[in-house]
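I opened this notebook to record what I looked up in one protein model. The entries follow the order in which I consulted it.

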Amino acid sequence: MKKFVLKVTCQDQRGIVGAVGQGVASLGGCITESGQFVDPTTGRLFMRVCFQFDSDVPHQAIDRHFEPVVQRYRMRMETFDLTQRPKVLIMVSQLGHCLNDLLYRNSIDQLPLQLVGVVSNHTVYRSRVEHEGIPFHHLPVTPDNKAEQERALLGLLESLEVDLVVLARYMQILSDDLCRRLPGKVINIHHSFLPSFKGAKPYHQAYERGVKLIGATAHYVTADLDEGPIIEQDIRRVDHATSPEEMVAIGRDTECQVLAKAVKTHVEHRILLNENRTIIF
């Protein structure tokens, strides 16, 4: 059985949902899940449809079949074969909680992805990664070699045909040029509710401000630092007795869960970008 996801973005018009449904039916497909949303401020339609076939239908045949519909409604349409798992590369520095969580979820097949490698500017987690049978790539970064190492990273992404990069507490800022080359293909986990408590020791900042809620934010990376479209957020309640060290532990658990959910949402093709916002089905 072949399963596909179709994502559509265009100006809202009468007949779009029916045209997409009829297109699937005329191919002999069966819709298993469908969602749509119209942005009331822009009038743009966002739609995600899952469908399946009893027989083997080539991916290219689906794209060709929908060409008249795409032209008629001036759509941006993407189709994805769910039997082809997206290739994912993780980047990490010296904090390994998110990496370890993703490695475990990958080992029990909880995430529909193909983990093709881990890149780090340190060697702390080489043995941990290689124990899982996953290639480890050491790309140390200094102010003098950052551009060179980013070129090496791009070469690695191209050779591995990577679909998504996950920054699992990778503590190097990606250059504007690299961010522009990978739009909507890099997810970062931030240790707070953006834009609160940026910079060093965010949980100590939160402690000093006497916060009652701490959280984490997963977002797409853009050239504007920590300003990319938000995918997932979560919070945990704390009180006056919670120490900075306890906040760090609570925060790390939250980061793991938020990042894993964001990655799962992305690789299941549930996200559509609406300028600097996300539409998630």
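Entry on conventions. I worked from a predicted model, in which local features need pLDDT of at least 70 and side-chain atom pairs count only at pLDDT 80 or more, while totals for chains, interfaces and linings use all residues. Residues are numbered from 1 along each chain as its sequence is written, and side-chain values use heavy atoms, with hydrogens and water left out. Helices (H or I, at least four residues) and strands (E, at least two) are DSSP runs, numbered from the N terminus.

Entry on the largest pocket. On a 1 Å grid over the protein atoms alone, I took a pocket as an open set of points with protein on both sides within 12 Å along at least five of seven lines, and a cavity as a set of points where a 1.4 Å probe fits but cannot get out; lining residues have an atom within 4 Å of a point. Grid points are joined across faces, edges and corners, and a volume is the space filled by probe spheres set on the points. The largest pocket holds about 580 Å³ of space. Its lining comprises 20 residues, and Lys7, Arg76, Glu78, Gly184 and Ile271 lie nearest its centre. Strand S12 gives the most to this lining, with four residues. I sorted the lining by class: Ala, Val, Leu, Ile, Met, Phe, Trp, Tyr, Cys and Pro count as nonpolar, Asp, Glu, Lys and Arg as charged, and the others, Gly among them, as polar. The lining of the largest pocket divides into eight nonpolar, five polar and seven charged residues.

Entry on the cavities. I noted two cavities of 30 Å³ or more. The largest cavity has about 100 Å³ of space, and its lining includes Met91, Val119, Lys146, Glu150 and Tyr170. Helix H6 (residues 146-160) gives the most to that lining, with four residues. By class, the lining of the largest cavity has eight nonpolar, two polar and two charged residues. The second largest cavity has a volume of about 50 Å³; among its lining residues are Val88, Leu102, Asn106 and Val263. For this second cavity, strand S5 (87-92) and helix H4 (97-107) each supply at least two lining residues.

I traced an open sheet of seven strands in the order S7-S6-S5-S8-S9-S10-S11, with mixed pairing; two strands pair if DSSP finds at least two bridges between them. Strand S7 (136-138) and strand S11 (230-237) stand at the edges with a single partner strand each, so one side of each is left without a neighbour in the sheet. Neighbouring strands of this sheet are turned by 20° against each other on average, direction ignored. Axes are lines fitted to C-alpha atoms, for helices over the stretch in contact, and angles run from 0 to 180 degrees between N-to-C directions. Helix H6 packs on the sheet, touching S5, strand S6 (114-120), S7 and strand S8 (164-167), and its direction makes about 155° with that of S5. Contact here means heavy atoms within 4.5 Å.

Entry on strand S10. Strand S9 (residues 186-190) and strand S10 (residues 213-220) run antiparallel and are joined by four bridges. In S10, Thr217 is the bridge partner of His190, and His219 stands opposite Asn188. S10 and S11 also run antiparallel, joined by seven bridges; in S11, Asp234 is the bridge partner of Ala216. Seven of the eight residues of S10 are buried, where buried means under 20% relative accessible area, exposed over 50% and partly exposed in between (1.4 Å probe, protein chains only).

Entry on helices H4 and H5. The buried residues of H4 include His97, Asp101 and Arg105, and the buried residues of this helix pack against S5, S6, H5, S8, S9 and helix H9 (244-267). Just after H4, Asp109 takes a positive phi of about 60°. I then located Arg126 in helix H5 (residues 126-131). Is Arg126 buried or partly exposed? Arg126 is partly exposed, with a relative accessible area of 31%. Leaving aside neighbours within four places in sequence, Arg126 is in contact with Phe136 and His138. Arg126 and Phe136 are ten residues apart in sequence and 6.0 Å apart in space, C-alpha to C-alpha.
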